[in-house]
Amino acid sequence: MTEDVHTNGGTDSHETGGHDDGGHLPPKSSVKRWLVTTNHKDVGILYMITALFFLVFGGILAFMIRMQLWQSGPFILTDLGYNQIVTAHGLLMVFWFLSPFAFGLANYLVPLQIGADDLAFPRLNAMSYWLYLFSGLLLAISFFQGSSLPTGWTLYAPLNLPAFIPPVAELGSLSAIIALALFIASVTIGSVNFITTMYRMRAEGLRMRDIPLFSISILLTVWMMLFAFAALLAALMLLSFDHIFAGEVGTGYFGSEEGGSLLWTHLFWFFGHPEVYIVFFPALGVMAEVVQTFSGRRLVGRKWFIIAMALVAIQSFIVWMHHMFLTAINLPIKTVIMVTTIGISLPFDLMVFALIYTMIKGQVRWKTPFLFVLGSIVLFIIGGITGVFLGAIVLDYSFRGTYWVVAHFHYTMASGAVALVGGIYYWYPKITGKMYNEFLGKVHFVAAFVGFNLLYFPMFVVWDTPRRWFHYNGTVAPEIPFTNITLFETGFTIWHQMATVGAFVFGFSFLIMFYNLFVSLYSDRVVDESPWAYTGSAEWAVSSPPPEGNFPGTPSFATGKLSFLSRAETDGGTETAATDGGVAQATEAHEQHVDHTSWWPLAMSLTALILGLGISGLETSYFIWPFLFAIPAFVAFIGIFGARSDGYTHLHGAFMGASMPLLALFALVFHLHHGIPGGLAEANQYFWISLIGITSGLGTLVAMGYESFNVPTPTMSEQWPFEGVSNTKLGMWVFLGSDIILFGAFIGSYIFMRIRAGWTNWHHIAELNGLEHHPVWPGLLNTYLLLASSFTVVLALAYAKRGSKRGTVGALSVTFIGATLFLANKGIEWVDLYIRQGWQFDSGPAASTFYLTTGLHAAHVVVGMLIMLFLIARAYTGAYWSEGENGHTIEYFGLYWHFVDIVWLFLFPLFYILF
Amino acid sequence: MLGTGITLSSALRHAPVAQVDQTQVNVFDSLYDVFVALGTLVGVLVITYTVYNAYKYRSSDGDAEGRYDVEEEDLEGDYDVARPQRGEIPTGQGKGGGKKLFMSFGLSAFLVLGLIIYSYSLLLAVEDTSQNHEDALEIQVTGYQFGWDYEYTASGLESGDYDVNIDGVEASDDALVVPRGEVVQLNVTSRDVMHNYGIPEFRAKTDAMPGDYTQTWFQPEKTGVFRANCYELCGQGHSNMHGDVVVLEPDEFREWYLSQDGTSESDLEFIESDSQ
């Protein structure tokens with residue numbers, strides 16, 4: 001059976017002739033296949049291979065750290081070099097290796113485990129991957145822009161500001177920050193995708209609680225990701241603002257005197273703590289699956305295991321201040337956090353014990369996956385216990401900033417990596433259809449386990465080594481606890497040398513795995529559906545590797561066990577389609593055509609990379625221009641792509657025509673500000689890079705919007721509790737959830753700084769910085785405009801449902817006009833504040849918070865307007881009331897627009913009435 | 001083991017307040033020792049138990065003919081143990097193992113609770129001395145890239161205005177000089193980026209944050225020259241950001257202190273009135 005034939009019930013949906021509009025996938029041997037695929041299995045493989053590459057990259061940096069620490073004295077790295085390496089090692093391992101690797105497995109396995117054909121949004125899935133790859137590329141590029149970030153992966157403020165970053169590292173630092181932001185975009189899209197899929201696309205009969213444990217761990221991971229990463233994005237946006245617009249100490253957010261340093265720690269760790277569980281949970285899922293299979297026993301206390309995991313996921317959001325015990329937070333809150341922190345060890349306890357008890361009375365086979373998982377359990381126990389030490393505040397007072405912390409988090413996080421390696425071996429036969437070499441696998445395990453402990457355990461012994469020091473001069477030889485016996489005259493050196501040796505053993509052990517997995521592809525050890533005994537979940541019920549459509553029929557658990565129903569019986573409710581039996585009939589009229597390929601995710605991500613690179617070097621006075629000039633291009637693109645896709649209409653002509661005067665208008669304003677051609681000649685290359693990036697980026701978005709990409713919703717699936725909510729609608733709601741956190745962090749930062757400055761002191765501070773008056777009425781007018789526009793959007797939906805083209809286009813246009821008036825009004829207000837009164841972006845905290853928070857909102861309005869232009873063009877050609885399309889798209893947009901409206905209802909009191 | 005947490009915490013709760021006998025070193029050592037003992041015990045027990053069970057229930061069957069794993073066995077009558085079957089809807093173990101899980105969970109909860117209570121009591125003692133101890137030498141510490149500045153609060157004597165020319169003591173002129181056996185309270189901040197001030201020998205440590213003040217304290221019980229390090233990455237000089245801490249006998253300290261400009265006898269009242 002070849003890979004690229006649909007195996008849905010035996011019917012063949014052939015494309016005639018040279019059709020290449022997203023149907024069949026090219027063969028796996030072709031490069032094109034991997035560039036255009038949206039199939040979850042392909043994307044999973046791409047993620048896994050890319051993540052392993054970043055593992056090697058981060059690992060080499062680790063080697064350099066350990067070589068530097070071989071002895072305390074002459075060093076091989078400069079101080080700036082060491083700081084960059086330490087930073088990049090952390091960023092790469094945490095962001096670009098661990099989670100993406102887990103998501104590679106998740107991409108591959110989750111649809112199989114829950115009985116779905118693919119994820120809910122396949123193109124977005126591909127986009128997640130490409131954004132991830134290119135964000136990593138941008139991080140790599142940052143090294144070549146002089147120097148990369150030297151602040152540690154925790155990016156503490158105000159060290160993360162231009163005032164304290166060496167000039168040579170300024171460009172690279174901003175690139176690295178933007179790379180992180182791109183990564184967050186990738187992750188957020190992924191979260192929306194996985195959440196929608198798992199709630200709405202399960203096979204019939206599979207309740208939420210019946211989902212296999214690996215998929216459950218992924219579900220909890222993506223929920224955490226959705227909220228945690230939004231907080232980090234907020235922090236990074238604020239930081240980018242500080243980089244671009246607020247250079248001096250005392251300005252901006254994190255350099256401000258209103259507790260900028262503390263504010264960063266709050267924002268970062270609110271993200272940072274859930275992040276470490278985000279990294280670990282998939283490993284926990286792997287542990288559960290592997291222990292179950294290789295013990296030959298169902299997981300003990302499965303229900304409690306799931307509850308414990310969910311509890312940890314929720315609790316992870318209320319422990320973040322344990323990273324801040326030595327900051328200026330007060331004693332009562334420290335106490336609360338101590339309790340929640342030490343308390344979070346309890347659900348973990350339960351999960352570890354559940355795993356252990358599962359082995360009892362099992363039929364345990366010590367195969368490579370099991371060895372790795374068993375090893376990771378042992379390592380995690382050590383890591384977990386040492387974490388409880390850190391929760392006892394008085395101990396943390398001494399452990400802070402030392403290698404105790406380093407050893408603890410490596411034991412926990414790297415044990416997660418060890419578990420994931422077990423997952424690689426476990427699912428390798430499923431993915432490739434071949435069995436790896438078991439002996440080599442065991443050799444890998446021994447080398448890895450020995451190397452791991454040799455590397456990290458000595459760090460506990462010499463825990464008094466300060467973190468991020470490139471030597472350990474001045475440290476005292478450690479003593480054996482409870483005695484006065486000094487361990488080794490050489491002080492810390494021997495222990496650090498053990499760690500260095502361990503690093504190389506552990507690192508090189510991976511080479512055994514790479515070799516093994518590579519040559520096994522060409523071995524003759526072919527496997528069937530389940531080479532392992534006692535597997536339970538659905539991925540083991542299909543061939544290895546699975547067929548392109550995942551299952552030989554529609555999976556269903558209605559009978560209490562997995563069965564496959566003929567697809568013709570279950571797709572689209574047709575009666576005349578051919579049943580399975582291999583008879584190929586021309587059933588195109590009744591077949592649901594499924595698209596699998598698209599160039600746009602790759603293209604769009606590439607433009608994101610270009611734009612990100614461009615922003616890193618944009619000068620402040622040139623900042624807005626690439627974005628402004630891209631707008632006429634966007635308008636023209638709608639006209640062009642729309643005409644190609646829907647057929648030319650006058651509206652398309654109007655769009656194309658309108659782009660010219662719009663460009664002329666912006667060019668005029670540019671000329672007034674900078675002068676043409678002088679301004680253009682003086683613009684640095686990053687201006688042009690940004691312009692190319694944003695313009696082509698908007699073009700790819702329009703093209704993607706117009707691309708016909710059919711993903712049929714399964715007709716028989718479990719959808720609790722979202723039975724009445726379509727996939728796209730659920731996706732929109734989930735996305736808005738993360739947007740709420742984004743705004744929440746912005747607003748929270750404002751409130752934090754304002755309370756620090758004295759709530760009633762705020763206006764006075766603004767006045768000291770140049771503000772003369774800040775009238776409320778522009779905000780009030782804007783409130784009315786937005787409320788009215790929300791009403792007209794609802795009108796547009798009503799007209800669409802009724803099939804009235806004029807009504808829909810009209811109502812959408814009025815909404816657009818309302819938004820335009822909103823922006824125009826805001827523009828007038830800002831011109832007065834900024835230019836006439838001289839109250840600028842970095843004129844103190846009142847200014848920064850005002851401009852940035854309302855600015856973020858305005859950016860959301862602009863995005864809404866761009867979408868509306870697209871909707872109007874589509875509505876004009878009747879796209880929203882054809883059969884099956886009941887104005888849904890307008891409804892989804894309406895949700896977004898109402899969200900924008902509601903956010904303003906918070907901003908108006910905070911930034912106008914209470915100013 | 002279980003009682004340790006409860007007992008120790010109640011003992012400490014009834015100990016005299018303002019425990020100058022309990023220096024940060026004592027507090028840390030006792031807490032650390034308890035945690036290490038307990039942690040090692042629990043770790044060794046659980047790990048041994050884990051590996052033991054993994055070994056004990058090891059299947060003696062080899063791989064089935066032409067396959068890569070054992071033959072799946074049919075279980076009859078062993079109701080405590082349910083084997084996974086392909087394509088099943090997982091139902092867990094039913095009644096097997098759940099009770100054990102609750103017992104171990106309960107045990108850990110009890111242990112953890114004890115640890116929380118014990119740690120909390122020590123936290124209160126430490127914070128109390130930090131904030132409220134009356135007869136202490138108060139020092140303002142300001143971190144900067146890449147060193148530490150001190151100011152003796154009582155007199156305003158600052159780094160740069162004093163020298164450290166003491167017989168038999170080799171230390172830089174920006175060292176911190178303190179007397180042995182007295183509580184030294186540190187009020188710490190930074191003038192540029194975030195640092196962390198720590199004297200490992202005396203277990204004093206706190207963040208140095210620009211625009212904020214944090215507090216810690218220590219009571220040195222031995223004389224000599226020690227180090228204060230920076231424990232938060234603060235730039236290229238981070239690894240070499242350390243200062244000297246000179247501990248003198250109280251008499252020697254008095255002599256040195258009063259020989260500096262701007263100091264007076266009244267600043268040193270804490271040495272007399274501090275009860276031992």
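Visitor: In which hand, left or right, does H2(A) pass H14(A)?

Guide: In this predicted model, H2(A) passes H14(A) in a left-handed crossing.

Visitor: What makes H2(A) roughly antiparallel to H14(A)?

Guide: Helix H2, residues 40-68 of chain A, packs against helix H14, residues 493-520 of chain A, at an angle of about 160°, with the axes 9 Å apart. Angles over 145 degrees count as roughly antiparallel, and therefore H2(A) is described as roughly antiparallel to H14(A).

Visitor: Which residues of H2(A) and H14(A) meet, and how do they divide by class?

Guide: From H2(A) the residues include A:Leu52, A:Phe63 and A:Arg66, and from H14(A) they include A:His496, A:Phe504 and A:Phe514. The residues of this contact of H2(A) with H14(A) divide into twelve nonpolar, three polar and one charged.

Visitor: Why is H7(A) called oblique to H12(A)?

Guide: Helix H7 (residues 260-295) and helix H12 (residues 403-432), both of chain A, pack at an angle of about 45°, and their axes are 8 Å apart. Roughly parallel needs an angle under 35 degrees, and roughly perpendicular one from 65 to 115, so the pair H7(A) and H12(A) is oblique. H7(A) passes H12(A) in a left-handed crossing, and the contact is made by residues including A:Val276, A:Phe280 and A:Glu289 of H7(A) and A:Met413, A:Gly416 and A:Trp427 of H12(A). By class, the contact of H7(A) with H12(A) has 14 nonpolar, five polar and one charged.

Visitor: How do you know that H10(A) and H2(B) are roughly antiparallel to each other?

Guide: H10(A) and H2(B) pack at an angle of about 165°, with their axes 9 Å apart. Since an angle over 145 degrees counts as roughly antiparallel, the conclusion is that H10(A) and H2(B) are roughly antiparallel. The crossing of H10(A) and H2(B) is right-handed, and among the residues that make the contact are A:Phe370 and A:Ile381 of H10(A), together with B:Tyr32, B:Gly39 and B:Ala54 of H2(B). In the contact of H10(A) with H2(B) there are 17 nonpolar, three polar and no charged residues.

Visitor: How many residues of chain A and chain B are in contact, and what area is buried between them?

Guide: In chain A, 110 residues are in contact with 96 residues of chain B. About 9100 Å² is buried between chain A and chain B, with carbon and sulfur atoms giving 65% of that area. Across this interface of chain A and chain B the rule finds nine salt bridges.

Visitor: What makes the meeting of B:Asp63 and A:Lys367 a salt bridge?

Guide: The side chains of B:Asp63 and A:Lys367 meet at 2.9 Å, N to O. A salt bridge asks for a side-chain nitrogen of Lys or Arg within 4 Å of a carboxyl oxygen of Asp or Glu, and B:Asp63 with A:Lys367 therefore counts as one.

Visitor: How do you know that B:Glu72 and B:Arg86 meet in a salt bridge?

Guide: For B:Glu72 and B:Arg86 the value is 3.6 Å, N to O, and the cut-off is within 4 Å, so the side chains of B:Glu72 and B:Arg86 meet in a salt bridge. Both B:Glu72 and B:Arg86 are in the loop between helix H2 (24-56) and helix H3 (98-132) of chain B, 14 residues apart.

Visitor: Which residues does the cis peptide bond with omega of about 0° join?

Guide: That cis peptide bond joins A:Ile676 and A:Pro677, and A:Pro677 has its place in the loop between helix H18 (650-673) and helix H19 (678-682) of chain A.

Note on methods. Residues numbered from 1 in each chain as written. Chains lettered and ligands numbered in written order. Predicted model: local features only at pLDDT ≥ 70, side-chain atom pairs only at ≥ 80, totals over all residues. Heavy atoms only, no water. Axes fitted to C-alpha atoms, helices over the stretch in contact; angles between N-to-C directions. Helix = DSSP H or I, 4+ residues; strand = E, 2+ residues; numbered from the N terminus. Left-handed = near helix turned anticlockwise from the far one by under 90°. Contact = heavy atoms within 4.5 Å. Nonpolar A, V, L, I, M, F, W, Y, C, P; charged D, E, K, R; others polar. Buried area = accessible area lost by both parts, 1.4 Å probe.
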